[in-house]
Amino acid sequence: YQRRVRASFFLVRFRSNWSFISAIMIKFLIVQNRQGKVRLSKWYVPYEDDEKRKLANEIHRLIGGRETRFTNWVEFRTHKIVYRRYAGLFFCLCVDTDDNELACLESIHLFVEVLDGFFKSVCELDLVFHFHKVYTILDEVFMAGEMVETSKDTLKARIGELTQLEVI
């Protein structure tokens with residue numbers, strides 16, 4: 001048989017039929033700067049506000065001091081944190097321990113590429129001053145903790161339509 005990875009889904013080809021194995025379930029997404037200040041967060045699992053602050057601080061302490069020679073994922077409590085650093089920002093996803101890390105890294109990269117295409121080289125200030133646009137783009141990529149769309153061109157077309165409608 002043959003294996004293929006498409007975005008966040010793992011499909012196994014069994015004699016020309018594709019079988020669904022599992023999907024990546026994102027618990028939360030956090031974007032932090034180097035100082036640990038949360039610039040963007042989306043929670044797909046309910047947490048109390050105190051617990052959210054505690055999680056953000058723990059994650060920053062965990063990944064902020066890691067050297068670049070280590071992997072971009074780390075075990076965290078009963079989950080796994082998959083992160084990627086772009087300039088001065090850490091994009092972090094919390095997923096189950098058995099989810100594919102490389103698919104998570106690709107989904108982070110897709111999100112950043114779409115942001116780059118919209119803001120023409122995204123920076124921390126874009127996340128701060130245009131947060132409503134960033135959340136709209138985030139909802140186009142991730143919905144209910146799963147990836148909705150994996151095509152960058154389709155995402156850009158949808159965002160272009162929303163911009164024409166002056167939604168964002």
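Predicted model: local features only at pLDDT ≥ 70, side-chain atom pairs only at ≥ 80, totals over all residues.
I started with the fold: the protein chain has 5 helices and 10 strands, taken as DSSP runs (H or I of at least four residues for helices, E of at least two for strands) and numbered from the N terminus. Residues are numbered from 1 along each chain as its sequence is written, and side-chain values use heavy atoms, with hydrogens and water left out.

**Confidence.** I checked pLDDT, the predictor's confidence in each residue from 0 to 100. The protein chain averages 86, and 87% of the residues score at least 70. Residues 1–21 stay under 50, and there the model has 37 contacts beyond four places in sequence; a contact means heavy atoms within 4.5 Å.

**Whole chain.** The accessible surface is about 9,800 Å², and carbon and sulfur atoms own 50% of that. I took contacts between residues at least 6 apart in sequence, and 45% of them join residues at least 24 apart.

**Pocket.** Which residues line the largest pocket? I found R34, H60, I63, G64, R66, E67, T68, N72, Y83, R84, R85 and F90. The elements giving two or more residues to this lining are α1 (49–64) and β7 (79–86). A pocket here is an open set of points on a 1 Å grid over the protein atoms alone, where a 1.4 Å probe fits, with protein on both sides within 12 Å along at least five of seven lines; lining residues have an atom within 4 Å of a point. The volume is about 190 Å³, meaning the space filled by probe spheres set on the points.

**I81.** Buried or exposed, I wondered about I81? I81 is buried, at 0% relative accessible area, and sits in strand β7. Not counting residues up to four places away in sequence, I81 touches F28, I59, N72, W73, V74, F76, C92, L93 and C94.

**A103.** I looked at helix α2 (residues 101–119) next, where A103 is found. A103 counts as buried because its relative accessibility is 6%. A103 and I24 are 79 residues apart in sequence, yet 8.4 Å apart C-alpha to C-alpha.

Key
Areas by Shrake-Rupley, 256 points an atom, 1.4 Å probe, with all protein chains shown as cover. Buried < 20%, exposed > 50% of the residue type's maximum accessible area, 1.4 Å probe, protein only.
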